[in-house]
Amino acid sequence: MDLNAGFHDLIHALKWIKKEITTFGGDSERVTVMGHSGGGGMTKTLAMSPKAKHMINQMIAMSQSSDYSLVKDKNEAASRAAAQEVGCANFDPSDKKWDSLKVVEKVIKCLRTKSGKELTEAQPKIEEKGYQFRYAAQDSGENAVSFI
């Protein structure tokens, strides 16, 4: 996928926070985002993203990689293996079937039916097979969150 849906979810969450924070006694002009490890890298990316301009006033990035970088499709193989592990794909992560938008949409529809617990439990299983989720993947195109 060209878009990093997770970053777009964060942008929408920031929009909601800016709109609703006063309801909870907060100040919409003093929004701070904070993240640890991979979340620290995401915090840094959000703070530099044109899509988050004027939504973040401060950031705290803790224990992030010093050379944090976004790489297109960095987590593609691990994501495919996770889909296979939870029963949403019955073919290998390197199979050419992944080139079909129809197939990918079917897999995504299936993944949306899985609980967070099921998805989280898949991670150590795919790691045993050599797959790893490594930092955040860069999105691309005119709707990209990334600043790259």
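His54 lies in the loop between helix H2 (38-48) and strand S2 (58-62), where helices (H or I, at least four residues) and strands (E, at least two) are DSSP runs numbered from the N terminus. The model is a predicted one, in which local features need pLDDT of at least 70 and side-chain atom pairs count only at pLDDT 80 or more, while totals for chains, interfaces and linings use all residues. Residues are numbered from 1 along each chain as its sequence is written, and side-chain values use heavy atoms, with hydrogens and water left out. Although His54 is not a glycine, its phi is positive, at about 70°. His54 has a relative accessible area of 65% and is therefore exposed, the classes being buried for under 20% relative accessible area, exposed for over 50% and partly exposed in between (1.4 Å probe, protein chains only).

The chain as a whole contains five helices and four strands, and its elements, read from the N terminus on, follow the order α-β-α-β-β-α-α-α-β. Of its 148 residues, 30% count as buried. Among the contacts in the chain with a separation of 6 or more, 69% are accounted for by residues 24 or more positions apart, a contact being heavy atoms within 4.5 Å.

Two packed helices are described by the angle between their axes and the distance between the axes. Here the axes are lines fitted to C-alpha atoms, for helices over the stretch in contact, and the angles run from 0 to 180 degrees between N-to-C directions. The axes of helix H1 (residues 5-20) and H2 come within 11 Å and cross at roughly 65°. The crossing of H1 and H2 is right-handed; a crossing is given this name if the near helix is turned clockwise from the far one by less than a right angle, and is left-handed if anticlockwise. Phe7, Leu10, Ile11 and Leu14 of H1 make the contact with Met42, Thr45 and Leu46 of H2. Phe7, which is found in helix H1, counts as buried because its relative accessibility is 1%. In sequence Phe7 and Met42 are 35 residues apart, and in space they are 7.9 Å apart, C-alpha to C-alpha.

Helix H2 also holds Thr43, a residue that is buried, with a relative accessible area of 4%. When residues up to four places away in sequence are not counted, Thr43 touches Val33, Met34, Gly35, Met59 and Ile60.

A further helix pair is formed by H3 and helix H5 (residues 116-128), which pack at an angle of about 115° with their axes 9 Å apart. That angle makes H3 roughly perpendicular to H5, given that angles under 35 degrees count as roughly parallel, over 145 as roughly antiparallel, 65 to 115 as roughly perpendicular and the rest as oblique. The crossing of H3 and H5 is right-handed, and in it Ala78, Ala81, Ala82 and Glu85 in H3 meet Ala122, Lys125 and Ile126 in H5. The buried residues in H3 are Ala78, Arg80, Ala81, Ala82 and Ala83, and what covers the buried residues of H3 includes H4 and H5. After H3 comes Gly87, whose phi is positive, near 85°.

A search of the whole structure finds one disulfide, defined as a pair of cysteine sulfur atoms within 2.5 Å. This disulfide is formed by Cys88 and Cys110, whose sulfur atoms are 2.1 Å apart. The pair links distant parts of the chain, with Cys88 in the loop between helix H3 (76-85) and helix H4 (101-111) and Cys110 in helix H4, 22 residues apart. The torsion about the S-S bond of Cys88 and Cys110 is about -70°, so the disulfide is left-handed. Cys88 is buried, with a relative accessible area of 11%.

Aromatic rings were considered last. Rings of Phe, Tyr and Trp (its six-membered ring) pair if their centres lie within 6.5 Å, and planes under 30 degrees apart count as stacked, over 60 as edge-to-face and the rest as tilted. By this rule the count comes to two aromatic pairs. Trp16 and Phe24 form a tilted aromatic pair, at 6.2 Å centre to centre and with 45° between the planes. Trp16 counts as partly exposed at 49% relative accessibility, whereas Phe24, at 64% relative accessibility, counts as exposed.
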